Amino acid sequence: MAVELEVPEGITAPTSMEARPVAWPHGPAQQFAAGRLAAAAALAAAGSADRAVPREPDGRPRFPRRFPGSISHTEHLAVALVVPGAETVGVDIEDAAVTERMARFVFSEGERRTLLAPGGTYAPGELFAAKEAAYKALNGPGPPGAFVFWRIGLSRSGRVLTASYREESVPVWVRSRSGLSLAVAIRHRTQDFASNGETKQ
């Protein structure tokens, strides 16, 4: 049975997202299979005739041309997102608690002060997922970057987060429900983003 999971609010691009449960014993093979089932369903919903998502030599999923996508999973749930016409896409789901020690390592002092509660409105799991999703969007489709995801900086820009690394940036939307944090990052080919998170030509 398909698992219902909603795309974060505020995304104006057409998206297709599907989720599938990870079968017992919830190991890497089952997580991989659930991710590919979710990807095939998301591609079908997006209108792609090609629904195969093989692995690149570096292990990343290779989506069909004109249907860029991304896959993420926990031990129990896999999710895939497809955004037709985008340049790159990143999605991440997290269900593990982010400890205070981990937060100090992954988030900068400014991010902890302005984005995390009580000064901000985001939970640690949301920001962790945001950095992971942004890393995928900033890395594809070329060779993996020589940086780690926590080097990405996060700032709030209107209704969305902006993730930046050096000269590159991408908007990120987050949503939490029932202990699960979901983040989506979308980089467009010919569009950039206004400060309120809406696209402009």
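The structure is a predicted model. Its largest pocket has a volume of about 970 Å³, its largest nonpolar core holds 26 residues, and a search of the whole structure finds seven salt bridges.

**The largest pocket**

- The lining of this pocket, whose volume is about 970 Å³, is made up of 36 residues, and those closest to the pocket centre are Arg60, Pro61, Arg62, Phe63 and Gly69.
- Two or more lining residues come from each of helix H1 (28–46), strand S2 (69–73), strand S4 (86–94) and helix H4 (124–139).
- Sorted by class, the lining of the largest pocket contains 13 nonpolar, 11 polar and 12 charged residues.

**The nonpolar cores**

- In the largest nonpolar core, which has 26 residues, the members that touch the most other members are Phe107, Leu127, Ile152, Leu161, Ala163, Val170 and Val172.
- At least two residues of this core are supplied by each of helix H2 (100–106), helix H4, strand S6 (160–165), strand S7 (168–177) and strand S8 (180–188), and the largest share, eight residues, comes from H4.
- Leaving aside residues up to four places away in sequence, Leu127 touches Phe107, Leu115, Leu116, Tyr122, Leu154 and Leu161.
- As background, nonpolar side chains in soluble globular proteins tend to be buried together.

**Salt bridges**

- Glu6 forms a salt bridge with Arg175, and the closest N and O atoms of this pair are 2.5 Å apart.
- This pair links distant parts of the chain, since Glu6 lies in the segment before strand S1 (16–21) and Arg175 lies in strand S7, 169 residues apart.
- Glu6 has a relative accessible area of 42% and is therefore partly exposed, and Arg175, with a relative accessible area of 24%, is partly exposed as well.
- Glu18 forms a salt bridge with Arg20, with the closest N and O atoms 3.4 Å apart, and Glu18 is partly exposed at a relative accessible area of 23%.
- Glu111 forms a salt bridge with Lys131, where the closest N and O atoms are 2.9 Å apart.

Note on methods: Residues are numbered from 1 along each chain as its sequence is written. This is a predicted model: local features need pLDDT of at least 70, side-chain atom pairs count only at pLDDT 80 or more; totals for chains, interfaces and linings use all residues. Side-chain values use heavy atoms; hydrogens and water are left out. On a 1 Å grid over the protein atoms alone, a cavity is a set of points where a 1.4 Å probe fits but cannot get out, and a pocket is an open set with protein on both sides within 12 Å along at least five of seven lines; lining residues have an atom within 4 Å of a point. Grid points are joined across faces, edges and corners, and a volume is the space filled by probe spheres set on the points. Helices (H or I, at least four residues) and strands (E, at least two) are DSSP runs, numbered from the N terminus. Ala, Val, Leu, Ile, Met, Phe, Trp, Tyr, Cys and Pro count as nonpolar, Asp, Glu, Lys and Arg as charged, and the others, Gly among them, as polar. A nonpolar core is a set of buried Ala, Val, Leu, Ile, Met, Phe, Trp, Tyr and Cys residues joined through side-chain atoms within 4.5 Å. Buried means under 20% relative accessible area, exposed over 50%, partly exposed in between (1.4 Å probe, protein chains only). Contact means heavy atoms within 4.5 Å. A salt bridge is a side-chain nitrogen of Lys or Arg within 4 Å of a carboxyl oxygen of Asp or Glu.
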